Amino acid sequence: MLFEHVQPNCVKVYRVLGEEGRQRVQLRVSMDQDGLHQGGVPTDPALLPLVTERPHWHECALLGDAVHYLPEGNAAERFDSVFPLMGNSGLIGLIEVEFSGARAAIRPHDANLVQGVLRILRNHLSALDYGERDTLTGLLNRRTFEATFAKRRGKIIAPAPPEEPTTPGSWLGVIDVDRFKTINDTFGHLFGDEVLLLIARLMFDTFRSTEMIYRFGGEEFVVIVDGTNEQGAAVAYERFREAVADYRFPQVGKVTVSIGYTRVGPADVPASAMGRADSALYYAKEHGRNAVRCYDALLRDGDIQLNKSAGPELELF
């Protein structure tokens with residue numbers, strides 16, 4: 001709609017990833033005279049440019065308002081524009097409007113049109129967030145996990161045998177706060193909620209911005225790690241376990257988490273993947289807590305076994 005009504009040379013939509021101060025920008029889609037183009041998704045988010053790398057992006061992010069700028073290498077007196085897309089958590093996207101030829105810049109009427117469209121979009125995203133996110137931590141909720149699992153699985157799962165640990169794939173980890181009931185009983189639910197909030201913040205700081213993080217309910221969280229092998233997933237989950245163990249929680253002091261994870265298979269449904277990760281989590285809980293355990297490795301080593309009489313989805317250990 002913007003391309004048709006504003007009539008620029010090109011409109012680009014960027015997604016902004018990461019926490020404030022280290023946000024990166026990913027081109028999601030663009031439209032020009034040749035039609036609609038999907039942006040590429042790099043395997044390593046660290047390859048994405050930082051918001052601070054382009055002055056007009058940086059200024060737009062700081063002001064939270066439209067910025068009109070002279071394109072690099074432009075000899076003519078022409079100005080392009082970039083608009084911020086704001087969400088409940090701050091800047092979540094950028095819209096660039098580029099001109100060429102006789103058009104020198106966006107007209108005030110067209111700039112108001114863009115701002116109006118983005119206000120409508122922000123309200124729409126806020127309504128989606130309300131239904132998709134946990135009210136305490138701001139993480140995605142269980143309903144969102146179940147609704148998006150199949151769609152996400154179809155895009156990110158490599159067709160590899162689950163017994164091959166060196167093959168890249170996607171990994172589902174279940175994270176549980178150790179002895180959380182004791183924290184609530186000793187310090188009260190207010191401090192228990194603060195622990196959950198701080199753990200959610202540590203998740204944002206520890207996992208990549210492209211990882212999907214969910215609060216599943218109570219003291220249980222789910223994190224999906226993509227594009228790595230079994231050892232790479234272990235490093236990601238272990239890094240988070242160490243971050244929690246090293247953090248000093250106000251009043252409460254030391255808190256630990258146990259983590260169980262498994263490769264997500266092409267035929268998985270949420271219950272099957274969660275069941276395997278839970279088996280690894282229970283193993284970690286029964287063998288000292290404050291540990292990361294992989295279901296696939298436990299199965300290979302004979303530490304847990306399939307209950308074949310009950311079907312492939314039930315495991316005993």
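# Briefing on a predicted protein model

Strand E1 (residues 10-17) and strand E2 (residues 24-32) run antiparallel and are joined by eight bridges; strands count as paired if DSSP finds at least two bridges between them. Helices (H or I, at least four residues) and strands (E, at least two) are DSSP runs numbered from the N terminus. This is a predicted model, in which local features need pLDDT of at least 70 and side-chain atom pairs count only at pLDDT 80 or more, while totals for chains, interfaces and linings use all residues. Residues are numbered from 1 along each chain as its sequence is written, and side-chain values use heavy atoms, with hydrogens and water left out.

**Overall make-up**

- The protein has nine helices and 13 strands.
- Of its 317 residues, 45% count as buried; buried means under 20% relative accessible area, exposed over 50%, and partly exposed in between (1.4 Å probe, protein chains only).
- Among contacts in the protein with a separation of 6 or more, 60% are between residues 24 or more positions apart; a contact means heavy atoms within 4.5 Å.

**Confidence**

- The average pLDDT of the protein is 85, and 86% of the residues score at least 70; pLDDT is the predictor's confidence in each residue, from 0 to 100.
- Where pLDDT is low, the predicted coordinates should not be read in detail.

- Val16 has Val25 in E2 as its bridge partner.
- Six residues lie between the strands in the hairpin of E1 and E2, where Gly18 takes a positive phi near 95°.
- E2 also runs antiparallel to strand E3 (residues 35-38), with four bridges joining the two.
- Asp32 is bridged to Gly35 in E3, and the hairpin of E2 and E3 has two residues between the strands.

**Aromatic pairs**

- A search of the whole structure finds nine aromatic pairs; rings of Phe, Tyr and Trp (its six-membered ring) pair if their centres lie within 6.5 Å, and planes under 30 degrees apart count as stacked, over 60 as edge-to-face and the rest as tilted.
- The ring centres of Tyr14 and Trp57 are 5.2 Å apart with the planes at 65°, so this pair is edge-to-face.
- Tyr14 in strand E1 and Trp57 in helix H2 (residues 55-63) are 43 residues apart, and their pair links distant parts of the chain.
- Tyr14 is buried at 7% relative accessible area, and Trp57 is buried at 1%.
- Trp171 and Tyr261 have ring centres 5.9 Å apart and planes at 70°, so this pair is edge-to-face.
- Trp171 in strand E7 (residues 169-177) and Tyr261 in strand E10 (residues 257-263) also link distant parts of the chain, being 90 residues apart.
- Trp171 is buried with a relative accessible area of 0%, and Tyr261 is buried at 3%.
- One aromatic cluster is formed by Trp171, Phe207, Tyr237, Phe240 and Tyr261.

**Buried polar residues**

- Asp80 is in strand E5 (residues 80-87) and counts as buried at 3% relative accessibility.
- A polar atom of the Asp80 side chain lies 3.0 Å from the backbone nitrogen of Phe99.
- Beyond four places in sequence, Asp80 contacts residues including Val67, His68, Tyr69, Val97 and Phe99.
- Thr228 is in strand E9 (residues 220-228) and is buried, with a relative accessible area of 17%.
- Leaving out residues up to four places away in sequence, Thr228 touches Thr167, Pro168, Gly169, Trp171 and Ala233.

**Positive phi outside glycine**

- Gln7 has a phi near 60°, a positive value in a residue other than glycine.
- Gln7 lies in the loop between helix H1 (2-6) and E1 and is exposed at 51% relative accessibility.
- Gln251, also not a glycine, has a positive phi of about 70°.
- Gln251 sits in the loop between helix H7 (230-246) and E10, and is exposed with a relative accessible area of 56%.

Notes
A polar contact is a pair of N or O atoms within 3.5 Å; within protein, one must be able to donate a hydrogen and the other to accept it, and residues adjacent in sequence count only if both atoms are side-chain atoms.
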